[in-house]
Amino acid sequence: MHDDVTTVSQLKDAIHAMCLKKGWGGETGVQNPQHVAMAMTVEMSELLEHFQWLDPDGVQALLDGKDEKRKQKIAEEYADVMMYGLQLMWSLDIDVAHEIERKIDIVLKRDASWKADVPHT
């Protein structure tokens, strides 16, 4: 699977198949959405640990591809976050692409005046 050829639906189906194979969620492979959402926060915290004490040079090293070990750990934790998120979307029958497109539209229509003092990177 690669980003340029794999659909969101394929990812959701692969995660559901994994849940079935592992016996997570019983015969349906659908775990309690509340528990899945809570598990996402745990995985997000694990992702954040890799950034917690980075100084600007450490961040730049990541951006420049000079910290492959940390990048791989970040990728693994991000995959955990995404897998829980996609599992949640599968179980609740939510169209991820549609919701992202809708949210982008909402963000673009917001009044930008409140962000005048927020630095952008």
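Begin by selecting lysine 109 and aspartate 105, which are four residues apart in helix H5 and therefore separated by about one helical turn; helices here are DSSP runs of H or I with at least four residues, numbered from the N terminus. The two form a salt bridge whose closest N and O atoms are 3.0 Å apart, the term meaning a side-chain nitrogen of Lys or Arg within 4 Å of a carboxyl oxygen of Asp or Glu. Lysine 109 is exposed at 64% relative accessibility, whereas aspartate 105, at 37%, is partly exposed (buried is under 20% relative accessible area, exposed over 50%, partly exposed in between, with a 1.4 Å probe and protein chains only).

The model is predicted, so local features need pLDDT of at least 70 and side-chain atom pairs pLDDT 80 or more, while totals for chains, interfaces and linings use all residues. Residues are numbered from 1 along each chain as its sequence is written, and side-chain values use heavy atoms, without hydrogens or water.

Next, select helix H4, residues 68-91, which has 24 residues and reaches 34 Å from its first C-alpha to its last, close to the 34 Å expected at 1.5 Å a residue (the expected span being 1.5 Å times one less than the number of residues). Among its buried residues are Ile74, Glu77 and Val81, and the buried residues of H4 pack against helices H1, H2, H3 and H5, contact meaning heavy atoms within 4.5 Å. Finally, select aspartate 93, which follows H4 and has a positive phi near 55°.

Terms used
Helix = DSSP H or I, 4+ residues; strand = E, 2+ residues; numbered from the N terminus.
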